[in-house]
Amino acid sequence: MEKIGKYIGYRTLKTAFGAALAILISQRLGLSYAVNAGIIVILSVQNTRKKSRDLAVMRLGSTVLALAIGALVFTLVGFNAIAFGIYLLLFIPIAVRLKFHDGIVPCSVLVTHLLAVQSVSWFWLGNEMMQMVIGAGIGFLVNLHMPSLENQLDEDMVEIERLMSRILISLSHSLRNRQQDQEEEELYRSLEAKLREGYDRALRQAGNNLIREVLYHVKYMELRNIQLEILTYMRRYSKRIYQSTEETAMVAALTELVAEQFHDMVTSEPVLRKFREYKEACQIMDLPKSREEFESSASLYEYIHDLEHFLEVKKTFVEHLAQAERERFQQGLRDSENEEVVEKE
């Protein structure tokens, strides 16, 4: 069984089961073209519950529209290729206007059955409608069971915070030693890949909740994506700082302090004090004497501005969280911090 699970995904298993069940039910009910119900299941199984639900509702609506237009056209024009072309000329624009895009092909297949039997009687209209009800309904029902992504998302968050903390440490070392960390590029690539993977997973998790919107993980990933962009700018500015001055050492120490307290939900007073000390030092420092000094000073200023912005976006994120989400965020920071302590030991 484990070997089968290795090569066949859960979604594939649900699709196969649902398609077979839909065909069996259609056959039991004596429906013609019963196999089509299975095809509709294949087209209806999505990667989230919400997508599957919305698709089922949309296809039921588009089926009613398609059968109504088809019945009208066939009655007036006859059962021929020209009539089917007229049906498409009417149905496609209306379906697009009503946002029934995904129903155009399967519903048109159902209408071809009316053309094949050359009848628009209530029996045949009901036959085609029942195929869609069975196929879309079973597609939705088999999609109700979705494996939770909570544990994977928690692991993603721990790894994201570990990488961000290491990047801050790396930036601190680069400022202090005027030498780029060899692992820095790999850290950025790893963080970008993990955020992309985590954001996709968070969207799927949010789409699997039909009762209420649970967007905590999505909001978390959006926060970290903004912070990654800020870190990218900080890295760019750090490469333009050519001199090791007292101010550079102060910014390096501040960056290291931010890294050490990365898992705190609120920026601590020592960090805020360091920012104030740096700003006060900037006011009394000598003006640059050369172009190189000017560029280095300007880059240092932009760097510290982005570091402060890095903390501000986190503060804004926390302020807009509900109480339960805030507690969850704090617990996640603690878990991540404990994970790093264990790793260091």
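Tutor: Let's begin with a term: helices (H or I, at least four residues) and strands (E, at least two) are DSSP runs, numbered from the N terminus. Helix α7 is where M130 lies. Before we go on, please note that this is a predicted model, in which local features need pLDDT of at least 70 and side-chain atom pairs count only at pLDDT 80 or more, while totals for chains, interfaces and linings use all residues. Residues are numbered from 1 along each chain as its sequence is written, and side-chain values use heavy atoms, with hydrogens and water left out.

The chain has 14 helices and 0 strands. Buried means under 20% relative accessible area, exposed over 50%, and partly exposed in between (1.4 Å probe, protein chains only). M130 counts as partly exposed because its relative accessibility is 34%.

M130 also belongs to a nonpolar surface patch of about 560 Å², together with F17, L21, I25, L29, L60 and V133. In a patch, like charges are joined within 9 Å, and nonpolar side chains (Val, Leu, Ile, Met, Phe, Trp, Tyr) within 5 Å. Accessible areas come from the Shrake-Rupley method with a 1.4 Å probe; for residues, only the protein chains shown count as cover.

Now look inside. Of the 345 residues in the chain, 43% are buried. A nonpolar core is a set of buried Ala, Val, Leu, Ile, Met, Phe, Trp, Tyr and Cys residues joined through side-chain atoms within 4.5 Å. The largest one has 49 residues, and L168, L191, L231 and F329 have the most contacts inside it. Among the helices that each supply at least two residues are α8 (150-177) and α14 (323-344), while α10 gives the most, 10 residues.

Take L168 as an example. A contact means heavy atoms within 4.5 Å. Leaving aside residues up to four places away in sequence, L168 touches L231, M234, T255, V258, A259, F262, L307 and F310. There is also a second, separate core of 26 residues, including I69, A83, Y87 and L110.

Terms used. Patch = residues over 30% accessible without salt bridge, like charges linked within 9 Å, V, L, I, M, F, W, Y side chains within 5 Å. Salt bridge = Lys/Arg side-chain N within 4 Å of Asp/Glu carboxyl O.
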